[in-house]
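Dear colleague,

Please find the structure below. My notes on it follow.

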Amino acid sequence: MNNIQMLVGLANPGPEYAKTRHNAGAWFIEELAKRYNCILKHDSKHHGLVGKVIIKNQEFKLLIPTTYMNLSGKAVSSLANFYKIPVENILVAHDEMDLEPGIAKLKKGGGHGGHNGLKDIISKMANQKEFMRLRIGIGHPGHKDKVTGWVLGKAPSADQALIDDVVDEAVRCMEILAKDGVLKAQNRLHTFKPVA
């Protein structure tokens, strides 16, 4: 049974960030919206782009915060509180340096791993960490001093193609999630191999 009601994609706002690795979470929501013909509209009340899609007769609220990454929790808590969606029924898609491009993982709960978006969501949701995460691999620059430039930089086209592939697969997995639940969606996503 699926209990996810809200899908969030983390990003920094503005055209200068649109294609940067840190926005991988938003690419997932944009792709999902496109596939289900949903137009994301800016909602200043909830500090983000919002919409909804129906997948296998289930409604999912969509959100891309338009605050900066480190204030993502403002948008997430606003929409969740408005629709009375418990924290464990939220899935947050975000870029993940511990995974290579072309790999994405679904996991429940956990810490923030230094990710400013996750950090803010956890703090704004009264330190509840039990939301699902869709971790979209962007690879690691190899040294912590290079992290900021890396996440705010654009991936080379070969890496970008791998990221796009796995984002596409993650979108397909939402049908499985809606119909058969998280575990089945996880099984499919975790065995995905991008076409190199």
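Does C38 count as buried or exposed? At 12% relative accessibility, C38 counts as buried; buried means under 20% relative accessible area, exposed over 50%, and partly exposed in between, with a 1.4 Å probe and protein chains only.

This is a predicted model, in which local features need pLDDT of at least 70, side-chain atom pairs count only at pLDDT 80 or more, and totals for chains, interfaces and linings use all residues. Residues are numbered from 1 along each chain as its sequence is written, and side-chain values use heavy atoms, leaving out hydrogens and water.

C173 is also buried, at 1% relative accessibility. The sulfur of C38 lies 20 Å from that of C173, its closest cysteine sulfur, which is too far for a bond. The structure holds zero disulfides, a disulfide being a pair of cysteine sulfur atoms within 2.5 Å.

Seven strands form an open, mixed sheet in the order β2-β3-β4-β1-β5-β7-β6. Strands are DSSP runs of E with at least two residues, and helices are runs of H or I with at least four, numbered from the N terminus; two strands pair if DSSP finds at least two bridges between them. β2 (41–43) and β6 stand at the edges with a single partner strand each, so one side of each has no neighbour in the sheet. Strand β5 (residues 90–96) pairs with β7 in the parallel sense over six bridges, and V92 has R133 in β7 as its bridge partner.

In helix α6 (residues 182–190), V182, A185, Q186 and L189 are buried. The buried residues of α6 pack against β6 (104–108), β7 (132–137) and α5 (157–180), where contact means heavy atoms within 4.5 Å.

Yours sincerely
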